[in-house]
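Colleague: Hi! Could you walk me through this one?

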Amino acid sequence: MDRRFIRRAMRAQRRVLSASQRTQYAFDLLRNLRTQVWYLRAQCIAAYLSSDGEINLAPVMLDARNRNKVTTLPRVGEQRGKMQFIPWQPGAPLVENRYAILEPPAGKVRPLFAHSIILMPLVAFDAQGNRIGMGGGYYDRLLNSTALKGQRPLLVGVGYDFQELESIEPESWDVPLDAVVTNREVIGISGRLQAPAEFSD
């Protein structure tokens, strides 16, 4: 199936969710995430600010703060095609980027290898760990770059249960997910789902 068609269909489906559904699904996702030892023991988690109907990670970020975890958000700034993760806490300042998405202002970059978990937005996924994103390729470029040294963080896709497809044909540059967490379940995929190592700042 054509990826452009999948993106249009899935984005349309998530946009029609009501505000109450979005809120409920966001807390359902957090409930499922909190059943996982790799989340509970994680020291640094990369999240994102939802846009275009994506599942909302605000409850996850508040939970992470209450558990004294470091949380980062992606920043693309003015560098086209490049992305970095900046530490951020709920309530801290945000700026709008070229895509009209809020992100942290320029600041100290948290290296990719210093994360325990990367929570990755998606448009669609399958149970084999294949993911379709928005098409910008920011996550794939970052994960395939030399910025990733040492232990790789767990790559965890997050989304709605209706975004699951039976099968997705991966592209050569796609990096497979270790797990997917939705409002309905946790899908463990790789053998790397032991509790991640602890990192220091």
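This is a predicted model: local features need pLDDT of at least 70, side-chain atom pairs count only at pLDDT 80 or more; totals for chains, interfaces and linings use all residues.

Colleague: Great. What is the strand order in the open sheet?

Modeller: The seven strands run E3-E2-E1-E6-E9-E10-E11, and their pairing is mixed. The edges are E3 (84–87) and E11 (186–188), each of which pairs on one side only. From one strand to the next, the twist averages 25 degrees.

Colleague: Switching to helices: which residues of H4 are buried?

Modeller: In H4 (residues 58–66) they are Pro-59, Val-60, Met-61, Asp-63 and Ala-64.

Colleague: What do those buried residues pack against?

Modeller: They pack against helices H2 and H3, and against strands E2 and E6.

Colleague: Where does H2 lie?

Modeller: Helix H2 (residues 19–33) lies across E9, E10 and E11, at about 135 degrees to E10.

Colleague: Last topic! What is the volume of the largest pocket?

Modeller: About 770 Å³. Its lining has 35 residues, and those nearest the centre are Ile-101, Met-134, Gly-136, Tyr-138 and Tyr-139. Elements giving two or more residues to this lining include H1, E2 and H5.

Colleague: How many of the lining residues are charged?

Modeller: The lining has 12 charged residues, along with 17 nonpolar and six polar ones.

Note on methods
Residues are numbered from 1 along each chain as its sequence is written. Side-chain values use heavy atoms; hydrogens and water are left out. Two strands pair if DSSP finds at least two bridges between them. Helices (H or I, at least four residues) and strands (E, at least two) are DSSP runs, numbered from the N terminus. Axes are lines fitted to C-alpha atoms, for helices over the stretch in contact, and angles run from 0 to 180 degrees between N-to-C directions. Contact means heavy atoms within 4.5 Å. Buried means under 20% relative accessible area, exposed over 50%, partly exposed in between (1.4 Å probe, protein chains only). On a 1 Å grid over the protein atoms alone, a cavity is a set of points where a 1.4 Å probe fits but cannot get out, and a pocket is an open set with protein on both sides within 12 Å along at least five of seven lines; lining residues have an atom within 4 Å of a point. Grid points are joined across faces, edges and corners, and a volume is the space filled by probe spheres set on the points. Ala, Val, Leu, Ile, Met, Phe, Trp, Tyr, Cys and Pro count as nonpolar, Asp, Glu, Lys and Arg as charged, and the others, Gly among them, as polar.
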